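Subject: Structure handover

Hello,

Here is the structure for your work. Please open it first, then read my notes below.

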Amino acid sequence: MVAGVWSVAREDWRSRNDQRRAMLIDPSPPPSRPGATGSLYRRFVEPLLRSDDGADAEQLSQASLALLAEIALRRDWPLVRDTLGGLASELQRRDPRLQQTLFGCRFANPVGLAAGFDKNGVAAALWDCFGFGFAELGTVTWEAQPGNPKPRLFRLAAERAALNRMGFNNRGAKAVRRILERQKLPPPGRRPAVLGINLGKSRLTSLELAPDDYAASLELLAPLADYAVVNVSSPNTPGLRELQQENQLRRLVERLRRLPACPPLLVKIAPDLEDDAIDAIARLAYEEGLAGVIAVNTSQDRLGLGQRRLAATGRCLAEEAGGLSGCPLRPRALEVLRRLRATAGPALPLIGVGGIDGPEAAWERITAGASLVQVYTGWIYAGPDLVPQILEGLLLQLERHGLSCLSEAVGSSLAWR
Ligand SMILES: Cc1cc2nc3c(=O)[nH]c(=O)nc-3n(C[C@H](O)[C@H](O)[C@H](O)COP(=O)(O)O)c2cc1C
């Protein structure tokens, strides 16, 4: 059965390759239709995501990552190479209008995989084949940690949302370095997709010692990172969000910037901050020469879903710990991004994340001031086709607005047409 599915998939990829070759002669874009991967996803995975119960959300992610980890290590095997080539030709949209260079990194397109899916970087070598212009690995902590007790990831299918309280489960900075080295990635700056590494505080480390804890991870992982992210916004590590306070964040950032080889450094913030706190972070980013700000992480606010019951526990969201992601987060994520842009001005690169589930949401975030966007929950629900759909949608908007490249759209407030 599996062999059958793959041979159907390979045939479809072959025909898409032929289509693309034909495009070199006739540059009018072919009608966008779901490719083999999208069809397989819709047939076998999407039905599992239509209700809250059924297949366990974390097990599904773990199973796919385990498969991708094996593929990443065997990507020079001819069959694997062919299959990945097919995947890439189905999902990538290479267009010079989508390219940008930000904080010294060249992004082939503005859509990235958000932190938290590939926490240990096991599929780092593969994310460009899924069409992403960049992927953020992690969150990685200095100590290996198991995270919170299961179940800790819950689908809210009707709302196309999720609640998670994973708690920075990861194999620790030393193991992640080994995992990345085994994949023999091209060095930073020469990768088809930019790779960021998102860092967090080990649960057992006090807030006082947090800067040293982050610094130890960054020192070890810096040679493998195109950029690094200081995650001070996860709701699932007690006390972590206090590091968003101006004095604490400044101490942390200054400690990291003293490292001999500090890559471009970004900060990822929560959606639950007051306006004053957002403004303070925007100013700090400017004063400390940060490469950018990522807005936002999951929300501790229940975003109008407080009385919604979780099938797995029978309790309502107001009584459950964890952070909300997906569609309900979209309006607040947009607000935070707008506030950052208004305070920081156009010079500070912003990465917009939270509830992006299609081209219109991506365009909205970009025209509000995000140079790049990231997807997580929306990508799980929509499947791998989401990336090319967003990229094609963005290109169409550029054409309709008469813009010559994406960077002209950033912060332009141009409406979706
Ligand atoms: C299961 C899960 C795990 C996550 N883990 C992390 C993490 O380790 N580090 C982090 O910075 N963000 C993490 N996030 C937050 C996402 O990167 C993203 O900021 C958030 O989910 C909003 O985007 P979305 O609505 O597209 O999911 C996680 C999100 C989910 C759903």
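A term first: Ala, Val, Leu, Ile, Met, Phe, Trp, Tyr, Cys and Pro count as nonpolar, Asp, Glu, Lys and Arg as charged, and the others, Gly among them, as polar. On that basis the shell around the ligand has 10 nonpolar, 15 polar and two charged residues.

Two notes on the source. This is a predicted model, so local features need pLDDT of at least 70 and side-chain atom pairs count only at pLDDT 80 or more, while totals for chains, interfaces and linings use all residues. Residues are numbered from 1 along each chain as its sequence is written.

Ligand shell

The ligand is surrounded by 27 residues (near means a C-beta atom, placed from the backbone, within 6 Å of the molecule). The closest are Ala 114, Gly 116, Ser 325, Tyr 376 and Thr 377. Strands S4 (134–140), S6 (161–164) and S11 (323–326) and helix H11 (377–382) each give two or more residues to this shell. Helices (H or I, at least four residues) and strands (E, at least two) are DSSP runs, numbered from the N terminus.

Strand S4

Seven of the seven residues in S4 are buried. Buried means 20 or more other C-beta atoms within 10 Å of a residue's own; exposed means 12 or fewer, and partly exposed is in between, with C-beta atoms placed from the backbone. Strands pair if DSSP finds at least two bridges between them. S4 runs parallel to S3, with two bridges. There, Gly 112 stands opposite Phe 134. S4 also runs parallel to S7 (residues 194–199), with six bridges. Leu 137 has Ile 197 of S7 as its bridge partner. One backbone point to check: the peptide bond from Gly 138 to Thr 139 is cis, with omega near 15 degrees. Thr 139 is in S4.

The largest nonpolar core has 115 residues. Such a core is a set of buried Ala, Val, Leu, Ile, Met, Phe, Trp, Tyr and Cys residues joined through C-beta atoms within 7 Å. Val 230, Val 267, Val 293 and Ala 295 have the most contacts inside it. Contact means C-beta atoms, placed from the backbone, within 7 Å. Leaving aside neighbours within four places in sequence, Val 230 touches residues including Leu 199, Tyr 214 and Val 267.

Val 293 and Ala 295 point one way from S10 (residues 292–295); Gly 292 and Ile 294 point the other way, and all are buried. S10 is parallel to S9 (residues 265–269), through four bridges. Ile 269 stands opposite Ala 295. S10 is also parallel to S12 (residues 350–353), through three bridges. Val 293 stands opposite Leu 350.

Helix H10

Buried residues of H10 (residues 359–367) include Trp 363 and Arg 365. Their cover includes S12 and helices H9 (330–344) and H12 (386–401). Just after H10, Gly 369 takes a positive phi of about 130 degrees.

Other backbone points

The peptide bond from Lys 150 to Pro 151 is cis, with omega near -5 degrees. Pro 151 is in the loop between S4 and S5 (153–156). Arg 160 is not a glycine, yet has a positive phi of about 50 degrees. Arg 160 is partly exposed, with 19 other C-beta atoms within 10 Å. Phe 168 is not a glycine either, and has a positive phi of about 55 degrees. Phe 168 counts as buried, with 24 C-beta neighbours inside 10 Å.

Best wishes

Conventions. Contact = placed C-beta atoms within 7 Å.
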